[in-house]
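Okay, thanks for coming, everyone. Let me put it up on the screen.

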Amino acid sequence: MLEVNGNTKIYVLLGNPIAQTLSPAMYNAAFRALQENRLYIACKVEEDGLEEAVKGLKALGIMGGNVTVPFKEKIIPFLDGISEESRLIGAVNTLYCREGELWGTNTDGAGFLKALKKVDPRGVEGRRVLMLGAGGSARAVAVTLAMAGAKEINIINRTLSKAQEIMEIVYGLDCRGQALGWDDKSIKEAVQESDFIINTTSLGMVPRVEEMPPLNPDWFRPSQWVIDLIYKPKETLFLREARIKGCQTLNGLGMLLEQGVLAFEQWSGLKPPVEVMARELERWV
Ligand code: ATR
């Protein structure tokens with residue numbers, strides 16, 4: 001157990017709800033492993049209390065931590081600055097101290113890419129990506145993959161305008177592709193020609209494990225990576241279908257870990273004990 005005393009450095013997570021978060025377990029396990037006198041706590045903030053909460057962090061000298069739903073976008077005006085990647089994504093998940101100021105950045109996309117490179121070191125440069133869904137996590141992943149040199153990114157979404165919005169940013173990063181609806185004729189070709197097919201929708205997540213994105217698994221090819229950002233269950237119906245077709249598959253646990261590792265590095269300045277953090281996540285998922 002950590003000894004909390006007058007020298008304890010505190011980091012926080014701001015969100016609402018926060019009861020289910022795995023972040024305190026993961027980061028406090030890291031502090032214990034490093035024998036650091038630091039503590040990470042989750043704070044439930046009401047919608048209209050966000051600005052006060054940020055001022056409070058600064059007043060208390062708390063200069064780091066994370067932000068989660070529903071504040072990832074809303075917190076930006078209250079920060080002293082944000083990184084270029086999070087500006088393009090339009091959301092932050094990490095708070096850190098920069099020359100005495102409170103800054104924001106976003107490690108979601110970079111965490112995804114790091115997890116992907118662990119299983120496929122070639123990464124996405126010059127390769128084709130198909131994304132399913134156009135919510136907050138899709139935006140982070142699309143921006144990062146376009147910045148990393150993906151040759152083409154196509155996005156299928158129920159609400160076409162949201163996919164189009166992300167594509168505008170992707171085009172600005174010199175990456176081609178298009179926004180598609182689920183009933184678009186060119187979906188089959190997009191599936192067949194992609195190196196990576198990434199589900200960012202909530203279809204198949206606990207408790208609705210019987211759902212999956214409406215793609216015909218017969219279109220998958222064994223050389224493709226089929227990835228799901230969902231980590232509960234560890235294998236969604238979507239990943240199961242892809243595995244049966246012989247595709248290589250990856251769930252969202254690696255991204256969850258790596259976005260946390262990058263955030264920890266950013267706000268603590270410490271070298272993250274990655275294995276300890278991974279083991280802690282595995283314990284709870
Ligand atoms: P996150 O932050 O995890 O990305 P989100 O922003 O709520 O979550 O995005 C959820 C994504 O899942 C969206 O792309 C959503 O489609 P819409 O933009 O049309 O809402 C998609 N999604 C959720 N439920 C869906 C369903 N039943 N059918 C199709 N798409 C669905």
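Before the packing, a word on terms: axes here are lines fitted to C-alpha atoms, for helices over the stretch in contact, and angles run from 0 to 180 degrees between N-to-C directions. Helices (H or I, at least four residues) and strands (E, at least two) are DSSP runs, numbered from the N terminus. This is a predicted model, so local features need pLDDT of at least 70 and side-chain atom pairs count only at pLDDT 80 or more, while totals for chains, interfaces and linings use all residues. Residues are numbered from 1 along each chain as its sequence is written.

So, first pair. Helix 4, residues 108-119, packs on helix 5 at about 65 degrees, and the axes are 7 Å apart. That makes helix 4 roughly perpendicular to helix 5. On that scale, under 35 degrees counts as roughly parallel, over 145 as roughly antiparallel, 65 to 115 as roughly perpendicular, and the rest as oblique. Who touches whom? On helix 4 we have D108, G109, A110, F112 and L113, meeting S137, A140, V141, V143, T144 and L145 on helix 5. Contact here means C-beta atoms, placed from the backbone, within 7 Å. The residues of that contact split into seven nonpolar, three polar and one charged. For those classes, Ala, Val, Leu, Ile, Met, Phe, Trp, Tyr, Cys and Pro count as nonpolar, Asp, Glu, Lys and Arg as charged, and the others, Gly among them, as polar.

Helix 5 has another partner, helix 6, residues 160-172: their axes come within 9 Å and cross at roughly 20 degrees. Helix 5 and helix 6 are therefore roughly parallel to each other. This crossing is right-handed too. A138, R139, A142, V143 and A146 from helix 5 meet I166, I169 and V170 from helix 6. That contact has seven nonpolar residues, no polar ones and one charged.

And helix 5 turns up at the ligand. Which helix gives the largest share of the shell around the ligand? Helix 5, residues 136-147, with three residues. In total 14 residues surround the ligand, and the closest are G133, G135, G136, R158 and T201. A residue is near the molecule if its C-beta atom, placed from the backbone, lies within 6 Å of it. By class, the shell is three nonpolar, nine polar and two charged.

Helix 9 (253-268) and helix 10 (274-284) pack at about 135 degrees, axes 10 Å apart. That makes helix 9 oblique to helix 10. L253, L256, L257, G260 and V261 on helix 9 meet V274, M277, A278 and L281 on helix 10, which comes to eight nonpolar, one polar and no charged residues.

The N16 to P17 peptide bond is cis, omega near 5 degrees, and P17 is in the loop between strand 1 and helix 1. V69 to P70 is also cis, with omega near 5 degrees; P70 sits in the loop between strand 3 and strand 4. Then there's Q35, not a glycine, yet its phi is positive, about 55 degrees. You'll find Q35 in the loop between helix 1 and strand 2.

Definitions and conventions. Two residues are in contact if their C-beta atoms, placed from the backbone, lie within 7 Å. A crossing is left-handed if the near helix is turned anticlockwise from the far one by less than a right angle, and right-handed if clockwise.
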